[in-house]
Amino acid sequence: MKQYLLAVIEPSQGEPPPPAEMQKIIERVEAYQRSAQEAGVWVFSGGLFPPAIATTLRPKDGEVLVTDGPFVEGKEHLGGFTIIQCEDLDAALEWGRRCAEATTLPVEVRPFR
């Protein structure tokens, strides 16, 4: 079985959904995760803090430079991810579709090498 990354893409600007809508999203995401676990495809998942609190490490001239935050600010960023294990890309795309519906956000599906 191959492993796939389902990357949840969040907008970098704008307000989050109101609390009542966010609660519905959380419930859908929890149900999605339970169904992936029950189907035996779920490996691991997690949400990420915003890029502004990230630390970036860059090799340069034999040293590693440490900087706060992302190198470039974008309109969107990686907000969370799920790693699944499926027979093929079609199955991974179906789980990605379900993840997008649950989160209401774009989901990028990428196979591991």
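Which strand does Leu65 lie in? Select Leu65: the residue lies in strand β4, residues 63-68. Helices (H or I, at least four residues) and strands (E, at least two) are DSSP runs, numbered from the N terminus. This is a predicted model, in which local features need pLDDT of at least 70 and side-chain atom pairs count only at pLDDT 80 or more, while totals for chains, interfaces and linings use all residues. Residues are numbered from 1 along each chain as its sequence is written, and side-chain values use heavy atoms, with hydrogens and water left out.

**Stop 1: Leu65**

Stay on Leu65. At 38% relative accessibility, Leu65 counts as partly exposed; buried means under 20% relative accessible area, exposed over 50%, and partly exposed in between (1.4 Å probe, protein chains only). Show its surroundings: not counting residues up to four places away in sequence, Leu65 touches Thr56, Leu57, Arg58 and Lys60. Contact here means heavy atoms within 4.5 Å.

**Stop 2: the sheet**

Next, select β2, β5, β1 and β6. These four strands form an open sheet in the order β2-β5-β1-β6, with antiparallel pairing. At its edges are β2 (42-47) and β6, each of which pairs on one side only. On average, neighbouring strands of this sheet are turned by 20° against each other, direction ignored. For such angles, axes are lines fitted to C-alpha atoms, for helices over the stretch in contact, and angles run from 0 to 180 degrees between N-to-C directions.

One place to look is Pro11, whose bridge partner in β5 is Glu76.

**Stop 3: His77**

Move to His77, in strand β5. His77 is buried, with a relative accessible area of 14%. Its side chain and that of Ser12 are joined by a polar contact of 3.0 Å. A polar contact is a pair of N or O atoms within 3.5 Å; within protein, one must be able to donate a hydrogen and the other to accept it, and residues adjacent in sequence count only if both atoms are side-chain atoms. Leaving aside neighbours within four places in sequence, the contacts of His77 are Val8, Ile9, Glu10, Pro11, Ser12 and Pro51.

**Stop 4: helix α1**

Select α1 (19-39). Its buried residues include Ile25, Tyr32, Ser35 and Ala36. They cover an arc of only 100° around the axis, which puts them on the same side of α1; the arc is that of the directions from the helix axis to the C-beta atoms. Turn to the other side of α1 to find Pro19, Ala20 and Glu38 exposed. Among what covers the buried residues of α1 are β1, β2 and α2. Just after α1, click on Gly40, which takes a positive phi of about 80°.

**Stop 5: helix α2**

Finish with α2, residues 89-103. Begin at Asp88, which caps the N-terminal end of α2: a side-chain oxygen lies 3.3 Å from the backbone nitrogen of Asp90. Which residues of α2 are buried? Ala92, Trp95, Gly96, Cys99, Ala102 and Thr103 are. They cover an arc of only 120° around the axis, so they lie on the same side of α2. Their cover includes β1 (2-11), α1, β5 (76-86) and β6 (107-111).

Technical notes: The expected span of a helix is 1.5 Å times one less than its number of residues. Two strands pair if DSSP finds at least two bridges between them.
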